[in-house]
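Please examine the sequence and the 3D structure shown here. The briefing that follows treats a few strands and a helix.

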Amino acid sequence: MPDGSRLTLRAPVTGVLVPLERVPDPVFARHMVGDGVSLDPLGGRLVAPCDGEVTQVHASHHAVTITHASGVEVLLHVGLDTVSLLGRGFTPHVALGDRVRAGDLLLEFDLDRVASAARSLLTQMVVPTMDLVTQVIPHTGTVREGRDVAAELVLAVRERRPEAGASRRAAVSESILVPNPAGLHARPAALLAALAKRFESKILLQHEGESANAKSLTAILALAVGGGDKVVVSAHGPDAADAVAHLAGALAEGLGEGAGEASAVEGVGVPDGDGVPAPLEAGVFAGVPASPGVAEGTIVQVRRDDVAVPADASDKHEERRLLNAALDRADLHLRALADSLAEQTDAGHAGIVAAHAEFLSDPELLDLATSAIDAGRSAPFAWRAAYEAYADRLAGRPNPVLASRAADVRDAGLRVLRELTGHRMGRQDLPLGAILVAEDLTPSDAASLDRTRVAGFATTKGGSSSHVAMLARSLDIPSIAGIDPRVLDLPEGTPAILDGFRGVVRIDPSPDERVRVTERRRRLAERRERELAEAFEPALTTDGHRVGVVANIGSPQDARDAAAHGADGVGLLRSEFLFFGRPTAPGEDEQAALYAEVAGTLDPGQPLVIRTLDVGGDKRLPYLPMPREENPSLGERGIRVGLARPEILRTQVRAILRAASAGARLRMMFPMIATLRDFRRARELVEGERRSLGASPVPIGIMVEVPSVALLADRFAEEADFFSIGTNDLTQYTLAMDRGHPKLAPQVDGLDPAVLRLIADAVRAAHERDRWVGICGGLGADPQAVPVLVGLGVDELSVTGPTVPAVKSQVRELSFGQCQELAQRALRCDADEGVRRLIPAEEM
């Protein structure tokens, strides 16, 4: 092609042309990707700017490259940091290798969705192959897609450098781990290509058996190198060794996009050298997203008050009477709170608070208090000394599960102390829009919050899977756990925005930021309405893969709520609701009637999975005495209790079989299975009762919540009809950390690669035997975890009833193929933080 020929590029979107130098991204603004123009789009369509071939479609669908017959490549990049959306909001209309003409539709994007999630909506049209272009002439003004000219290119004859002959050298790097959270997307790929062009040698980037010209942005993007992937740099030419050394070093350092920068873009803090999250910028404090949502209000500090009590008393009988009365009132209040919570959320969450009431009747704790009263101490003094000593003893145990119960003892103990002294929690004067900041909140604190005044809360302790976080999600209160402790120094009344999606608190927001928050909350409300309207539609990915979205329930009312929210059935019925709060165990007829009542709320054909009684550990029944254990969570709990007391398990099994015979599609599931022997014993018990009743068989499955089951999943899959993965316990047992532990909780993350590998092994083994696999832990409703779980092949997600519409909606926006790729990248990560950086938090 002769020097001076021109190539006209038409507008890829309808919008306003913006000089590339004004793009708020140095990689584009400094022409590191190439020269061109930017557009501020007014519509959601991206069309071809010229005739050519589609030579690259990014896996996240936010970028497309067209190669003209002249060899000129034109990269079209929608928005900034849109790679983090993982394709959500984008609908491609072309594929790699397609021939297109100027004006042909390449992709559509949801303008509002992308604008709310991306750093900027500015859309770039740049030419990476600037060696074929001598000049880029940008136009200005408002342009119409496919019709108006956006830029003109003056083309040049491409000169080839002579071979260097004998002077050529070869060099190869070691494997390099790519630290970029989103892999080599356009920005780091452009930097790599620009760096490579400084060398004369031919340079190749190798990834999973494929190689690409490291000087070609399009070729690098086509390799689809993900975060945590490994690459190799090779070079052949006069400066090969220098080229490999420079490129390998740049790749290992993230090409200017280290973890800190990526996190700042995504709104996630990075721990500093002391392990404390550093502020992302002035006035921004980072933590762990615990409950989604956005709150605007003022900071209110919540601190534990030191209650002053008299040490001595003269009448031990009166002091005993005072203590007993306070214990009774605290017990009534806790149980009333649990009942109220059950009406607002589900019985499972209410059980967290109800369990605290059990501590009030603990004989060892009561003995400590009454002994001190008999020695002349006042009831408040004796009680405080007793529960603090008891809690300290628990906290000092080597078992972290048992140690974490200390917080529950202190919570229940403080409630009784308030009853004894008349002292109440220090903050009764909460303003409207209060954003509570505390070192920690107990489950009963969270359950007691005045939701008309509390807009959200953040704690320096705890994690995303703690009981408090679970309660916050069920109560729809935005919250953050493990936040930068420096928030405790913020003055009362400081204006703030709490972002539960990203896990950040921003103080002293500007008027523009307040407007944006108001707009986000409006969009969130609209989105919830849309999700509810579509709740009864199936959860099908964009490429036709179906995922069941069912409900975790703990009562017939929960079942009705789940059905009203479009659940595809019940993935977990916690049968404990029948056994708690009564002096004796429920009979066979009562159980059968309640199971049938729950089944009757479901549509014909929808499944109902009933988990047999799961008690032990920190869940005890007054009519089922169990000896105190050093490590109760590693002792007699779950199926072990049923096998040790077969009369209770037999009664429940018969009730389930009778309810199934009435026509319901019931499945039976055993909790805390750890060995094949335990499962076989339980299954034999079921078979014996089935024969005596003359009942039809029901599918029998197991909870996968102990690593031993996941490791032997192939053997269990030969005998169990299905798996349901309890991610809360599986995570705790895998990492040897309790999610309620005040120091360890932020590290208890079900997206830890170790946990994900166990899930992947269980899914693989089950599918090889044509068994289905569900998730019934808190991870199933985690927006960051959903695409990974779908990609691992999980067949069903079981979540709380009100969460069903949102999870279904998210699944519909995912590509199964992309989820599979994401899951494989997650499995290769070194830590849970790396996995979460692969999937930035949904922020609407």
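In which sense do strand β3 and β11 pair, and over how many bridges? Strand β3 (residues 35-41) and β11 pair in the antiparallel sense over 5 bridges. This is a predicted model, in which local features need pLDDT of at least 70 and side-chain atom pairs count only at pLDDT 80 or more, while totals for chains, interfaces and linings use all residues. Residues are numbered from 1 along each chain as its sequence is written, and side-chain values use heavy atoms, with hydrogens and water left out.

**Strand pairing**
- Strands are DSSP runs of E with at least two residues, and helices are runs of H or I with at least four, both numbered from the N terminus.
- Two strands pair if DSSP finds at least two bridges between them.

**Burial of β11**
- In strand β11 (residues 123-127), 5 of 5 residues are buried (under 20% relative accessible area, with a 1.4 Å probe and protein chains only; exposed is over 50%, partly exposed in between).
- T123, M125 and V127 point one way from β11, whereas Q124 and V126 point the other way.

**Helix α9**
- L365, A369 and I373 are buried in α9.
- The buried residues of α9 fall within an arc of 70° seen down the axis, so they line one face of the helix; the arc is that of the directions from the helix axis to the C-beta atoms.
- Just after α9, G376 takes a positive phi of about 105°.
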